[in-house]
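Colleague: I should like to learn how to read the features of a model such as this one. May we work through them one at a time?

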Amino acid sequence: MEQDFMREDRNLSPCETIIMKAIWDAGQDISLMDLMAVLKEKYGKDYARTTIATFLLKLSEKDFVRTYRKGKASYAHAIRSEEEYKAKLMEEQNDFWYQGQPTELVSALCKTGRLTKSDVEGIR
């Protein structure tokens, strides 16, 4: 299954990423209506209900969410964790930009000037 998750067609589009971030941030299953509200309030995305349903279908096909109905409400349940997806992204970026050398990746982060001394100590 891990191999399947790493397939290129399992990558998220920018819109899918925002939807997944909203689902992950909820920390629990989220109703479609609550998801719509979060997307509008937090990300400025005023998607129609049908648009979100389409994105959820695509995310379901990519094994990121499972949707279900409870009464009249539809819910989304995250199958993949945010940590798992972030690790996958970091691995892909490290492989592409730094030839799989994590020290090069960390060095690039240090060169941005955005890390504090305590950040650098934490990395050590």
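Colleague: What percentage of the residues in the protein chain is buried?

Modeller: This is a predicted model, and in it 24% of the 124 residues are buried. A residue is counted as buried when its relative accessible area is under 20%.

Colleague: How many helices and strands does the protein chain have, and in which pattern do they follow one another?

Modeller: The secondary structure comprises 7 helices and 3 strands. Along the sequence they are arranged as α-α-β-α-α-β-β-α-α-α. The radius of gyration is 17 Å, well over the 14 Å given by the globule rule for 124 residues, so the protein chain is more spread out than a compact globule. Its C-alpha trace spans about 50 × 30 × 20 Å along the principal axes.

Colleague: What share of the contacts joins residues 24 or more positions apart?

Modeller: Among contacts with a separation of 6 or more, such pairs account for 51%.

Colleague: How should the length of a helix be checked, taking α5 as the case?

Modeller: The expected span is 1.5 Å times one less than the number of residues. Helix α5 covers residues 82-98, and its 17 residues should therefore span 24 Å; the C-alpha atoms at its ends are 23 Å apart, which agrees. After α5 comes Gln 99, which has a positive phi, near 50°.

Colleague: At what angle do α5 and α6 pack?

Modeller: Helix α6 consists of residues 102-111, and α5 packs against it at about 90°, with the two axes 9 Å apart. Angles of 65 to 115 degrees count as roughly perpendicular, and α5 is therefore roughly perpendicular to α6. On the α5 side the contact is made by Met 90, Asn 94 and Tyr 98, while α6 contributes Pro 102, Glu 104, Leu 105 and Ala 108. By class, this contact has 5 nonpolar residues, 1 polar and 1 charged.

Colleague: Where does Ser 60 lie, and how accessible is Ser 60?

Modeller: Ser 60 belongs to helix α4, residues 49-61. Its relative accessible area is 29%, which means that Ser 60 is partly exposed. The C-alpha atom of Ser 60 is 9.3 Å from that of Ala 76, although 16 residues separate the two along the chain.

Terms used:
Residues numbered from 1 in each chain as written. Predicted model: local features only at pLDDT ≥ 70, side-chain atom pairs only at ≥ 80, totals over all residues. Heavy atoms only, no water. Helix = DSSP H or I, 4+ residues; strand = E, 2+ residues; numbered from the N terminus. Axes fitted to C-alpha atoms, helices over the stretch in contact; angles between N-to-C directions. Parallel < 35°, antiparallel > 145°, perpendicular 65-115°, else oblique. Contact = heavy atoms within 4.5 Å. Nonpolar A, V, L, I, M, F, W, Y, C, P; charged D, E, K, R; others polar. Rg over C-alpha atoms; globule rule 2.2 N^0.38 Å. Buried < 20%, exposed > 50% of the residue type's maximum accessible area, 1.4 Å probe, protein only.
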